[in-house]
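Subject: Structure for you to look at

Hello,

Here is the structure I said I would pass on. Please open it first; my notes follow below.

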Amino acid sequence: MPGVSLVGSGSACLTVPLTNADLSQRVDTSDEWILTRTGIRQRHIAAAADSLASLAAEAARHALTMAELGAEEVDLILLATSTPDDLFGTACQVQAALGATRAVAFDLTAACSGFVFALVTAAQYIRTGVFKHVVVIGADVLSRWTNWDDRTTCVLFGDGAGAVVLRAADRDRLLGFELCSDGTLNHCLNLAYRAQAAPLVGDVAVQQGSFAPITMNGREVYKFAINRVPEVIEKALFRASLTTAEIDWLVLHQANQRILDAVASRLNVAPERVVSNMDRHGNTSAASIPIALDEAVRAGQIKSGDVVATAGFGAGLTWGAAIVQWG
Ligand code: ACO
């Protein structure tokens, strides 16, 4: 059975920062509240000229360059996003932008767990021998769907895109994984469609509405995260026949610094082994893990052979962990 190796990473560079001080001009909040409760100092907002597709393509281009792989060699592009440019899917626009003429491309939606779910999905195509080169992208423009007058959510989110390149290899570097969903907790975090009936002809009415802004029960999501994430990482480690002591880097979905700290403490992982870019990016949903991974690789922290425990969690509710060996 072919194995999976991770050979490149990249992220999009967003240049429009939105600081906590900026936000306090819009809602009743403060830099002190946001920083102490979340660890966030600023986030980035997609510029008017950016689209989900352009950000995703930029991240993918950087990852392909690191992997020294031509776009025409890519077999599959998997785009994890909850904020597509087009509800029919945005991955094909990314394929066109990259010139990845041979690649099949499709979207996958699992909110902030999207990148981990997509990584594991992509790996199955490689393990079955169907595909050799896959680009996995996590990209979200949550600013489109944030209620900028709701201080309980608007301070958390930012926009971004990150990507990795997977290549078929003799030795499998996806060492273990575990994915979970619980739809009974769906109400805790939503970006729901609100249908409005419009009469069409006779007794027939069509349901045409719009998507509501993000709503979240922050305390419930917080409790869910600090309980379920350590558990799912331990399960993935068990499948990898590894212990928490063998984790070189913990790269979690960047939702809240307090969640990162609590998960690390429960797993007994030292703070210097926890990758965090919360302060600069906020919560970029499906993009947060590949951006954090890319920054740590480019900063020379994560090196070839390092064991990385990564976990996503969020709407659905969904959560999942993957243990990978970089390079
Ligand atoms: N500025 C100032 N005060 C605020 C703000 C704000 N931005 N937001 C809330 N408050 C107030 C509240 O009104 C409340 O006031 P009260 O006590 O008078 O009622 C007080 O601060 C405390 O509010 P809590 O909700 O208890 O604050 P908490 O410490 O729980 O922090 C937070 C809130 C940051 C949202 C936290 O619960 C959290 O991070 N939850 C997890 C969110 C998350 O990780 N989501 C990830 C998934 S995202 C995805 O999948 C798309």
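Which residues form one aromatic cluster? They are Trp145, Tyr193 and Phe211. Please keep in mind that this is a predicted model.

The structure holds four aromatic pairs. In one of them, tryptophan 145 and phenylalanine 211 sit edge-to-face, at 5.8 Å centre to centre and with 70° between the planes. Tryptophan 145 belongs to the loop between strand 6 and helix 6 (151-154), while phenylalanine 211 is in strand 13 (residues 210-211), so this pair ties together parts that are 66 residues apart in sequence. Tyrosine 193 and phenylalanine 211 also form an edge-to-face pair, with 5.4 Å centre to centre and 65° between the planes. That pair links distant parts of the chain, 18 residues apart, with tyrosine 193 in strand 10 (residues 193-194). As for accessibility, tryptophan 145 is partly exposed at 28% relative accessible area, phenylalanine 211 is partly exposed at 31%, and tyrosine 193 is partly exposed at 40%.

Four strands make an open sheet with mixed pairing, in the order 8-17-16-15. Strand 8 (174-181) and strand 15 (249-252) are the edge strands, each pairing on one side only. On average, neighbouring strands are turned by 10° against each other, direction ignored. Helix 7 (residues 218-239) packs on this sheet and touches strand 8, strand 15, strand 16 (307-314) and strand 17. The direction of helix 7 makes about 40° with that of strand 17. Strand 17 (residues 318-325) pairs with strand 8 in the antiparallel sense over seven bridges; glutamate 178 has alanine 321 of strand 17 as its bridge partner.

Is glutamine 254 buried or exposed? Its relative accessible area is 0%, and buried means under 20%, so glutamine 254 is buried. The side chain of glutamine 254 reaches the backbone oxygen of leucine 252 at 2.8 Å and the backbone nitrogen of methionine 278 at 3.4 Å. Beyond neighbours within four places in sequence, the contacts of glutamine 254 include Leu260, Val275, Gly282 and Ala292.

Last, helix 4 (residues 91-98), whose buried residues are Ala91, Val94, Gln95 and Leu98. Seen down the axis of helix 4, these fall within an arc of 105°, so they line one face of the helix. Their cover includes helix 3 (52-67), strand 4 (76-80), strand 5 (104-108) and strand 6 (133-141). Just after helix 4, glycine 99 has a positive phi of about 75°.

Regards

Note on methods: Residues are numbered from 1 along each chain as its sequence is written. This is a predicted model: local features need pLDDT of at least 70, side-chain atom pairs count only at pLDDT 80 or more; totals for chains, interfaces and linings use all residues. Side-chain values use heavy atoms; hydrogens and water are left out. Two strands pair if DSSP finds at least two bridges between them. Helices (H or I, at least four residues) and strands (E, at least two) are DSSP runs, numbered from the N terminus. Axes are lines fitted to C-alpha atoms, for helices over the stretch in contact, and angles run from 0 to 180 degrees between N-to-C directions. Contact means heavy atoms within 4.5 Å. Buried means under 20% relative accessible area, exposed over 50%, partly exposed in between (1.4 Å probe, protein chains only). The arc is that of the directions from the helix axis to the C-beta atoms. A polar contact is a pair of N or O atoms within 3.5 Å; within protein, one must be able to donate a hydrogen and the other to accept it, and residues adjacent in sequence count only if both atoms are side-chain atoms. Rings of Phe, Tyr and Trp (its six-membered ring) pair if their centres lie within 6.5 Å; planes under 30 degrees apart count as stacked, over 60 as edge-to-face and the rest as tilted.
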